[in-house]
Amino acid sequence: MKSRFVFMALAFSSALPAHAAPPFASGAFTEKYCLSCHDSESKSGGLDLTALPFDLDDASNLRRWIAIYDRVQAGEMPPKNKKRPAPDEIKPFIQRLVASLNDYETQKTTREGRALQRRLNGYEYENALRDLLSAPWLQIKDQFPEDGEAYRFNKIGNALDVSHVHMARYISAAEYALREVLAVQFRQPPTTTRRHYARDQKTLTSKFTQNPFNSSPDRQTYPVLEWQAQPKVRSLEEPLSVGEADPTTREKEAVGWVSSNYVTGFTYRWDGFRAPVAGRYRVRFSGYTLWVGPGGISRSFANGADKIGKPRAPQKHLPNFDEISKGRTNEPITVYTRNGVKNRRVGAFDLSPEPAIHDIGEVWLLSGETLVPDASRFYRSRPPDFRNPLMQEDGAPSVAFRWMEVEGPLYDDKTTAGYRLLFGDLPLREAPKGKRGVALADATVEVVSSNPQHDIERLMRRFLQRVYRRPSTENDVRLFTALVNERLKAGLSFSEAMLAGYTAVLASPKFVYLNEQPGRLDDYALATRLSLFLWNSLPDETLLSLAAQGQLNRSQVLREQTDRLLNDPKAGRFVEAFLDYWLDLRKIEDSTPSTTLYNDYYLDDALTEAAVLESQLFFADMLKRDLAARNIVDADYTFLNERLAQHYNVPDVKGTALRPVKLPADSPRGGFMTQASVLKVTANGTTTSPVLRGKWIMERILGYEIPPPPPVAAVEPDIRGAVTIRQQLDKHRADPSCASCHNRMDPPGFALESFDVMGGWRDKYRGVADDKAPVAGRGKNGHKFAFHYGLPVDSAGVLPDGRAFSDIRDFKKLLRGEDETLARNLAKQLVTYGTGAPVRFSDRAAVEKILQNAKPHYGARSLIHQIVQSDLFRSK
Amino acid sequence: MESSRFHGPFVHVREPISRRRFLRGAGIALSLPFLEAMLPRVARAAEATTGKPRRMIGICNNLGLLPDLFFPKNAGRDYALSPYLEMLKEHRRDFTVFSGVSHPNVDGGHPADVCFLTAAPHPGSSSFRNTISLDQFIAEQIGILTRFPSLTLGVNTRTRSLSWTGTGVAIPPEDKAAEVFKQLFLQGTQSQIEAQIQKLDTGRSILDTVAEQAKELQRDVGKRDRERLDQYFSSVRDLEGRLKASRGWEQKPKPVVKVPVPVDPATPAAFMDKIKVIYDLAKLAIETDSTRAITIMLEGVSAPVLEIEGVKITDGYHNLSHHGKSENKRAQLKAIDELHMKLLADLLAALKATREGEESLLDRTMVLYGSNFGDANTHVTTNMPTILAGGGFKHGQHLAFDKMSNYPLPNLFVSMLQRMGIERDKFASSTGTMRGLEMA
């Protein structure tokens with residue numbers, strides 16, 4: 001009887017609410033070592049231990065106790081100049097505190113799980129619909145409000161709210177996607193290979209002549225036959241093309257130009273081609289580079305009605321289209337789509353002086369989209385000053401295109417798989433006149449069913465089975481077939497009613513939410529978590545069938561599947577989505593390089609694109625080759641193309657394709673910290689701040705959280721060149737209360753001061769001042785440089801532990817040996833991203849175990865394997 | 001007479017402004033996405049639904065204005081107009097300018113623009129969560145009175161929004177004036193209306209179905225997970241209410257206006273032209289009582305080099321705002337700022353010139369103009385430049401507060417709510433009503 005009572009009491013005490021745990025604040029340890037500063041009188045650091053409750057349900061109280069643990073554990077408290085406890089005095093205090101904190105969180109986890117119920121985010125929803133409906137071209141993410149983020153990721157339940165806006169968008173986005181799938185099934189135009197000659201594109205030939213709105217030869221196009229000018233064609237005295245009558249000559253006719261698109265993917269578009277239907281197409285361009293002599297003529301127009309204008313005198317800085325010679329350069333060409341939801345970059349190649357055919361491979365196009373080749377190195381004219389920066393004494397580089405060839409739409413067994421998922425073998429046809437159907441852009445269609453009642457249930461059952469990522473219930477089938485039937489009664493046709501039913505499924509909580517249950521995840525939930533982690537989408541049939549067989553929870557199977565997912569092209573979505581948030585790469589366009597300080601970067605799409613690709617390719621390579629965590633800050637190679645190599649001062653890299661390049665020994669590049677993408681997202685286009693960059697590196701790369709600053713006067717950026725940001729900061733850092741944090745977070749930012757807003761190396765700051773002569777030269781926009789080189793950059797600093805560095809190379813050396821810190825941070829970021837919950841106090845041990853198992857190199861893929869195998873990942 | 005003016009409980013239809021004429025076959029289709037601006041559940045504020053119509057327009061210029069040229073030097077009713085306010089001279093008696101005001105704890109630089117009408121703290125922090133905006137709060141109370149409970153507009157943005165739901169979700173702004181115009185004024189054909197009604201009904205059936213599943217799921221989950229599902233459930237009910245209300249409006253003819261469909265300037269560089277088009281549209285929406293709460297985000301952050309007739313601009317708008325004390329940049333910024341003030345003056349003049357009953361539209365429309373930035377160059381979000389014009393207050397003064405320790409701007413929102421006839425004594429971090437601002 002007595003023993004039973006004791007057992008009861010124990011059981012009871014472990015179930016006590018956390019705040020009833022032993023009051024640490026009044027213990028002997030705190031009295032002896034803490035209260036002299038942290039009592040109600042001194043409240044040193046704002047902490048009064050005599051008034052601090054132990055109420056862990058209060059998130060800020062929990063944070064406070066964790067901070068106390070961390071400071072005591074690290075030996076920072078009590079401070080060195082005060083009475084220090086002996087190790088055997090600290091130990092019991094620490095142990096009790098750890099146990100209480102762990103107990104609290106573990107109980108909570110048992111009850112609710114680490115992760116909070118969450119919905120799919122916009123990326124995941126878009127990918128899910130693409131994969132389910134075999135419609136990789138779908139663009140629907142931007143229809144949703146931007147997802148909230150917590151702990152820096154868009155995968156956390158706390159921040160993934162739902163509102164009536166989302167409900168409206170789920171319905172409209174799903175309905176849009178379903179209609180597009182019907183359109184693909186309905187149209188199925190035959191696959192053709194068609195050459196779209198440049199001379200047949202009105203958008204290109206209409207620029208042969210100048211007009212009141214475009215009086216600059218720099219923005220003109222011109223006809224050319226191999227290396228021979230065609231002034232009479234240009235002046236429209238001769239026909240635009242010899243036409244089909246003379247195929248040999250026609251094949252050589254080209255249209256040339258000397259500038260880049262005014263707006264990305266706008267000016268030099270092929271208007272004669274529009275993708276007849278969403279799908280896969282193979283695209284080739286035929287063209288070559290040229291050299292155009294100087295002495296072109298611009299015309300002056302009296303007014304908007306004046307169509308002819310008067311020629312001005314020839315000018316040396318303008319291209320003369322009568323003086324054409326063979327190209328002297330290779331020119332990088334980027335291919336964008338046009339007329340779709342947004343312009344997308346779909347390919348790139350190098351145009352050479354010898355005419356050649358360039359196959360950019362297969363691309364996905366939306367219905368109605370066309371393509372635009374952009375000579376990305378060329379001038380992008382902007383008012384009020386029009387000068388081609390590439391124009392030399394004897395001329396300027398030019399490109400010329402003969403034709404674009406499109407083969408497609410290309411079909412395979414996936415093309416209509418989306419339709420088959422919806423309607424199986426039922427035929428689709430144009431709805432008879434006066435009969436209801438589903439309205440597509442150019443036709444009203446209907447699915448023909450001879451036995452609607454039978455088909456409704458059969459199709460809905462199959463659809464639910466595939467879409468719900470776990471066996472659907474009879475209740476679900478009943479629920480959605482009832483909706484279809486109700487809509488039929490309301491007067492909708494079979495096809496419309498079915499689409500309403502499918503739309504409802506795609507907006508339903510079992511689809512939109514993850515619905516994980518507390519405790520160990522079952523096979524189905526694990527399949528979803530794994531595919532959301534590594535594909536940013538829903539599980540495929542292989543994962544689902546392994547789940548159905550109860551196999552996925554076996555460690556070996558889980559490992560194999562992790563490898564399969566990582567080796568699949570869809571893992572590219574993980575790379576993009578993870579870096580978009582971990583490294584803020586989604587913000588790459590948030591700032592524009594200042595046109596007065598940095599018009600050499602302004603409008604340089606090719607540079608920005610290469611910068612993002614570098615980071616993505618580098619991370620993908622880390623995963624592929626299981627590269628050590630230290631590569632995050634220091635690698636002897638990176639991915640470059642000619643433009644980026646030029647930016648980084650790396651010699652001998654030619655062409656537009658990014659490839660792995662071994663870096664020169666003294667290069668500061670290699671690793672994310674010194675990549676142009678990271679250096680751009682941590683600047684504002686005009687100035688850099690060591691504080692902001694330092695904080696960013698501490699948090700994103702090294703894994704330390706920096707508390708937000710107290711409200712103090714901000715440092716006012718000054719670009720006049722008389723004072724540097726460091727000189728301005730020194731005053732601020734001299735204040736001891738500021739220094740305690742700034743000493744920790746600024747040093748990496750000091751090292752990165754050697755890099756400008758686009759990540760270019762600098763020894764001196766650029767400034768703009770009326771009394772200083774600007775540097776000679778012109779930017780990509782044709783405007784004269786407005787900046788001068790001012791004060792020298794000071795990139796030296798001292799780490800909190802006293803070690804000094806003089807520049808970024810030095811700083812990187814100091815990070816050698818920090819492999820574990822880097823790995824811990826990467827693991828932390830991946831756990832947060834992959835499980836939808838941050839690494840909490842009680843998860844620390846699990847993260848240490850992950851690290852332990854990935855020793856000594858902490859390879860990126862090894863870390864992912866260890867994470868997937870861990871309890872953190874395999875439990876809610 | 002009464003019966004022709006009141007078509008149903010709480011639904012007040014204005015006198016026709018001109019002979020009714022239906023623009024038939026204009027080829028419009030109301031799409032579901034636009035419905036998010038549609039009706040709320042119930043109208044609660046009895047007074048607000050019966051008194052004379054009161055409206056608000058909230059405008060945020062998210063790059064701010066040069067503070068030294070905006071703020072007047074002295075306070076009170078006899079204050080001397082600052083260089084920028086000089087441009088609003090003709091409206092001096094119709095607006096109040098505020099200084100030394102800001103949203104408490106709203107920091108973080110650029111991200112703070114989305115808090116302009118919400119005052120939710122720490123928008124730059126990684127766990128930031130926005131709260132309901134002033135216009136959406138108003139729409140919840142009186143939105144049922146108009147075809148659109150609110151209009152969320154943007155210039156050069158379809159993402160950065162001033163309007164936020166109670167669950168902290170942005171209502172994406174509409175930035176194409178022509179499209180909004182069609183939604184507001186172009187009458188569909190009978191068959192289009194019927195198709196639209198059927199579409200709304202299908203939407204409601206879909207919502208009923210998913211709500212039933214949500215109820216089932218809610219049964220077996222823990223407390224915190226259930227709260228997330230509750231949010232889904234109430235979102236469904238919210239949209240259902242809106243679909244129901246818009247079904248009612250679908251059967252009523254739209255107001256007729258005599259102006260042509262606006263033409264949206266094609267390029268983001270025509271930022272200032274776009275602002276004018278959007279202001280004109282806002283005025284038209286107010287004039288036809290299509291809505292009583294409008295927000296307009298002037299998104300300068302991502303704007304390219306602006307093209308302004310007669311002004312030589314060489315640098316991107318955003319970069320100009322980081323002028324770094326460069327005189328050249330400041331001069332260009334000043335030209336842009338002045339144009340902002342002129343466009344605002346034109347909007348106020350247009351509202352003033354339109355009569356509604358005994359008063360001008362301006363007398364019944366609160367126009368709140370300001371910025372999240374006190375100074376874009378330093379990215380500070382204190383000392384927000386703020387103007388409130390019209391709407392039925394005793395204006396003509398400069399209410400100056402402490403520049404070092406700011407007065408809470410949310411107090412102005414409380415004053416505005418009360419002026420709307422909504423009984424409310426708190427909004428976000430307010431501490432009362434705006435000190436020194438009295439109703440006319």
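## Aromatic pairs

Phe787(A) is a buried residue, with a relative accessible area of 1%. In this predicted model, the ring of Phe787(A) forms an edge-to-face aromatic pair with Tyr789(A), the centres being 5.5 Å apart and the planes at 75 degrees. Tyr789(A), by contrast, is partly exposed, at a relative accessible area of 45%. Arg766(A) also takes part in this arrangement, lying over the face of Phe787(A) at 3.9 Å from the ring centre.

Over all chains, the structure holds 51 aromatic pairs.

## An aromatic cluster in chain A

One aromatic cluster includes Phe153(A), Phe533(A), Trp582(A), Tyr637(A) and Tyr833(A) among its members. The ring of Tyr833(A) has the charged end of Lys155(A) over it, 4.4 Å from the ring centre.

## Cis peptide bonds

Gly408(A) and Pro409(A) are joined by a cis peptide bond with omega of about -5 degrees. Pro409(A) belongs to strand S13, residues 396-410 of chain A.

A cis bond also leads from Lys855(A) to Pro856(A), where omega is near -5 degrees. Pro856(A) lies in the loop between helix H27 (844-853) and helix H28 (860-869) of chain A.

## Positive phi values

Asp289(B), although not a glycine, has a positive phi of about 50 degrees. This residue is in the loop between helix H8 (271-287) and strand S7 (293-298) of chain B. Asp289(B) counts as buried because its relative accessible area of 6% is under 20%.

Ala428(B) likewise has a positive phi, near 50 degrees, and is located in the segment after helix H11 (410-419) of chain B. At 37% relative accessibility, Ala428(B) is partly exposed.

How values were computed: Residues are numbered from 1 along each chain as its sequence is written. Chains are lettered from A and ligands numbered from 1 in the order in which they are written. This is a predicted model: local features need pLDDT of at least 70, side-chain atom pairs count only at pLDDT 80 or more; totals for chains, interfaces and linings use all residues. Side-chain values use heavy atoms; hydrogens and water are left out. Rings of Phe, Tyr and Trp (its six-membered ring) pair if their centres lie within 6.5 Å; planes under 30 degrees apart count as stacked, over 60 as edge-to-face and the rest as tilted. Buried means under 20% relative accessible area, exposed over 50%, partly exposed in between (1.4 Å probe, protein chains only). A charge sits over a ring if NZ of Lys or CZ of Arg is within 6 Å of the ring centre and within 35 degrees of the ring normal. Helices (H or I, at least four residues) and strands (E, at least two) are DSSP runs, numbered from the N terminus.
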